[in-house]
Amino acid sequence: MTGPLVPFREIVLKVHSRCDLACDHCYIYEHADQSWRTRPKVISDEAISWTALRLAEHAKTHALPSVSVILHGGEPLLAGPARLRQVCAELTAALDGITALDLRVHTNGLQLSPRYLDLFDEFGVRVGISLDGDRTANDRHRRYADGRSSHPQVLKAVALLREERYRHLDLGLLCTIDAANDPLAVYDALAALDPPRIDFLLPHATWDAPPPRPDGSPTAYADWLLTVFDRWQEQGRPMPVRLFESVLSTLGGGPSLTESLGLAPTDLVVVETDGTLEQVDSLKSAYDGAAATGFDVFAHTFDEVAAHPGVRTRQLGLAGVGETCRQCPVVRSCGGGLYTHRYGSGAASGPGAGPAGFDRTSVYCADLEALIRGIESRTAAAITSPAVTDTGELLGAQLELTRSLLAELHSELAGRGGASWQEAWELAGEVERRSDALDELLAHPYTRPWLVDSVAALREERPEAPGTALRLAAHVAAAVIRGRLDLPVRVGHRDGFLHLPTLGVLRLDDGAGRYGSGAHGPGAHGSGSYGEAEVRVVERGFLVRAGARELLVAHPEEPAPDWRPVRRLARDGAPGLALDDLDPYRDRFGAPVHPGLGDAEAAGWSARLAAAWGLLRDAVPDQAAEAAGTLSTLTPLLSAGTGAAADPPGYGALGLPVHGDAGELALALLRGFRAAKLRALTEVTDLYALDGAWSRPAPWRDTPVAVSELLAGAYERVGLAAYDGAYRDHARRALDTLEDTAELTVGGKSLLAALWKEVDHA
C-alpha cells in the first residue's frame with residue numbers, strides 16, 4: 001500500500017453487545033458475521049482503560065485536534081448508567097490536555113431516561129436515535145422479539161431529548177431505508193419531530209445478498225430518496241439531511257460528509273466489548289471475520305490497526321476502487337459506494353462484474369448514479385456561481401474578494417497598524433460614503449498582491465513593512481483625486497517618490513531618481529527610507545505638500561517635470577487600457593517587468609498593441625469586446641510571462657512582452673485574457689475538486705495532466721480556435737476528455753457546456 005498512514009479520528013466503542021430489539025435488518029445479529037455470540041455482553045474495566053490509553057497515545061502521536069468516540073452496541077444503554085459513567089470519565093481524563101473529545105451515543109431510545117440524559121449532559125455526550133419513520137415503516141423491521149411495536153417508546157425518547165434542558169444533546173435521527181415504505185410518509189414523520197439532522201442509511205447488502213427491490217427497479221432506492229429530496233427542497237431544507245448534503249458538497253467540489261459516499265480515506269476503528277480491534281462494523285454483512293484485524297487494545301496500538309491491509313485499502317481514494325468505478329464520472333461523489341456494499345464471493349457478471357472480494361461496483365451502483373445525477377439536475381442552476389456565465393458577476397465577485405482581503409488585513413493588524421493605518425482606514429470609509437472611487441482602486445489588479453503579501457507577512461509574524469499603511473493611504477488619496485473630493489489625505493512616500501495607484505508617480509525630492517523598479521525607484525516594494533506628505537484636490541488636479549516643498553499636478557493625465565502619469569492605450573479604436581510600468585506590485589507574471597518605458601518605446605508598443613486589438617476585433621469580435629470591458633491594465637515585460645507567479649494580480653491585468661509585432665501581441669493578448677479569466681473564476685468558485693490528483697490525457701502533451709491543467713489548456717484553446725483553426729482539434733479532444741472526468745463540479749460542468757457552444761461556433 002502507498003501513501004501516508006491515516007490516523008483514526010473516530011472510534012466506535014462497543015459498550016454492550018446485546019440488544020433489546022430484534023430488528024430483522026440488523027447487520028450485527030442477522031448477517032454473515034455472528035461473532036457477537038462469543039463476546040462478553042458488557043465491556044470490561046480493563047478494556048475501557050486500555051482503550052482510553054491507546055486513544056490518548058494515538059491522538060498525541062498524530063497531534064489530532066479532536067477525536068470522536070461513539071458509544072455503540074448492540075444497544076449501548078443496556079450497559080447501564082454506572083458503566084457508561086466509567087467509560088465517559090476514563091476517556092475524558094485520558095484525553096484531557098491532549099485533544100478535544102467529542103462523545104456520542106447511538107441508541108434505539110427504548111432505555112432513554114432523565115437518568116441517562118443527566119449523565120450525558122455532564123460529559124457532553126450527544127445522542128442519536130434510530131427511527132425508521134412513521135409507525136408503519138418503523139414496525140416493518142424495528143420490533144421486539146415477541147413482535148411488539150417499538151414505535152411509541154421511541155417517540156417518548158425523542159420527546160424527552162427535545163425538552164429544553166436536553167435539546168443541546170440532540171444529534172438527530174438515523175433512518176434505515178426500506179424501499180417498500182412510503183418515502184413521503186417516512187420523511188414527514190421524521191421532519192415533524194423537528195430533529196437537528198436526519199441521516200438516511202441504505203440497508204447493508206452485498207452482491208451475495210442483494211437488497212430487496214419491491215418493484216424490481218434497479219434504481220428503487222434512488223427513486224425513493226429523490227422523492228424525499230424533492231419534498232425537502234420544497235420545504236426549504238428545514239434541517240440537514242447528511243446524505244443529500246454530502247452529494248451537494250461533492251458536486252460543488254467539497255468533501256463527502258459520510259463514510260458511505262466519497263473517496264475520503266477511512267479514519268474509523270471499532271473496539272469490541274472484549275477489547276478486540278476491528279475494521280468498520282458494516283463489514284460483518286460481507287462474511288464471517290471480514291471486519292477482523294487480529295489486534296486488540298491490550299497488546300496493539302491504533303497505529304498498528306491503521307497499517308492493516310484491510311484498513312489501508314480504504315485509504316487509497318481513487319486507487320482503492322475498481323477499474324469500472326475509476327472510469328465513472330460520478331465516482332468522486334459516490335466513491336464507489338460503501339466498501340461493504342461492493343463485496344461478492346465469486347466471479348460476477350452484469351453490473352457488479354469483477355473478481356471475488358471488494359474490487360467491484362457497489363450493489364447500489366445504479367441507485368447511487370441515479371441519485372447523484374438526479375440531485376445535480378435539480379440543483380445545478382442554484383449551486384452554479386453566476387460568475388461562470390456572467391462577466392459582470394465575475395467582476396463583482398472579484399471586487400468582493402479584494403474587499404474581504406482588505407477587511408482581513410485590518411483584522412490581522414489588530415491595532416498593530418498604528419495611527420497612520422487607523423487614519424487611512426477611517427478616511428477610506430468616508431471616501432466610500434461619498435463616492436464610488438474607492439471601488440475603482442480596490443478593483444485595480446495590483447491591489448490584490450499587496451493585500452495577499454501583507455496578510456501573509458502578518459500571519460507569519462515577519463516584521464511588518466512600513467509600506468502596509470502607506471499603501472492604503474495612497475489608495476485613499478488616489479480615490480479622493482478620482483472622486484474630486486475635498487478631503488486632505490496624509491500619505492507616506494518612499495525614497496522620495498510618491499506612488500498613487502492607477503494615476504502615476506510624483507518625485508518629491510530634488511534628486512535624479514529613476515522612475516523604475518530599481519532599489520531607489522517607485523517600482524520596488526519593501527524596505528527603504530520613508531517620509532510623509534499631504535495630498536489635496538485643487539481645481540482639475542491635486543496639490544502635494546512634503547516638508548517645505550509644495551508640488552502642483554495640474555493635469556494628472558499629462559506628464560510634468562516631477563510627475564509621471566500612468567500612460568493609457570487610446571488610439572485607433574483600441575480600449576483605453578492603462579499601460580502601467582510604475583506600480584510596485586506589477587511584478588507578478590513569472591517574467592521580469594520592464595523598469596520603465598521611454599517615450600519612444602512606449603509609443604511604439606502602444607501602436608503595436610492598438611494594431612493587435614484591431615486584429616482581435618476582426619477575428620474574434622465577441623472575445624475582443626469582453627476583454628475590452630474587463631481588462632484594465634497592461635504591463636510591459638522584458639520577456640514572455642510564464643504564468644508561474646505565486647501571487648498573481650487581480651483580474652484585469654495582463655503582462656505582455658514589449659517586443660513582438662501586432663500578430664504576436666494579438667495572440668499574447670488572447671492567451672493572456674483567457675488565462676486571466678479562468679484564474680479569476682477559480683478564485684471565486686470551485687470548478688473542479690482538489691481531493692484527488694487524477695491524471696487525464698491531454699492532446700498537446702505526451703504525458704497525462706491534472707484536471708486543472710487540462711481545463712486550463714482546453715479553455716485557452718477554445719478561445720484560440722476562433723482566431724486560428726489549428727487549435728480546434730486539440731480543444732475538442734480536451735473537452736471530450738473533460739466530459740468523462742469526475743473532478744468537475746456542477747459549476748465546472750456549466751463552464752464545459754459553455755465551452756462546447758463556443759467551440760462549435762468558432
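Modeller: Helices here are DSSP runs of H or I with at least four residues, strands are E runs of at least two, and both are numbered from the N terminus. Axes are lines fitted to C-alpha atoms, for helices over the stretch in contact, with angles from 0 to 180 degrees between N-to-C directions. This is a predicted model, in which local features need pLDDT of at least 70. Residues are numbered from 1 along each chain as its sequence is written.

Biologist: Thanks! How do you know how helix α22 and helix α23 cross?

Modeller: The axes of α22 (residues 707-721) and α23 (residues 728-739) come within 8 Å and cross at roughly 140°.

Biologist: What makes residues of α22 and α23 count as meeting?

Modeller: Contact means heavy atoms within 4.5 Å. Leu710, Leu711 and Ala714 are among the residues of α22 that meet α23, whose contact residues include Ala731, Ala734 and Leu735.

Biologist: Now the strands. Why is strand β2 called largely enclosed?

Modeller: Buried means under 20% relative accessible area, exposed over 50% and partly exposed in between, with a 1.4 Å probe and protein chains only. In β2 (residues 66-72), 6 of the 7 residues are buried, so the strand is largely enclosed by the rest of the structure.

Biologist: And how do you know that β2 pairs with strand β1 and strand β3?

Modeller: Two strands pair if DSSP finds at least two bridges between them. β1 (residues 10-14) and β2 have 5 bridges, in the parallel sense, and β2 with β3 (residues 100-107) has 6, also parallel. Lys14 stands opposite His72 in β2, while Val69 has Leu103 of β3 as its bridge partner.

Conventions
This is a predicted model: local features need pLDDT of at least 70, side-chain atom pairs count only at pLDDT 80 or more; totals for chains, interfaces and linings use all residues. Side-chain values use heavy atoms; hydrogens and water are left out.
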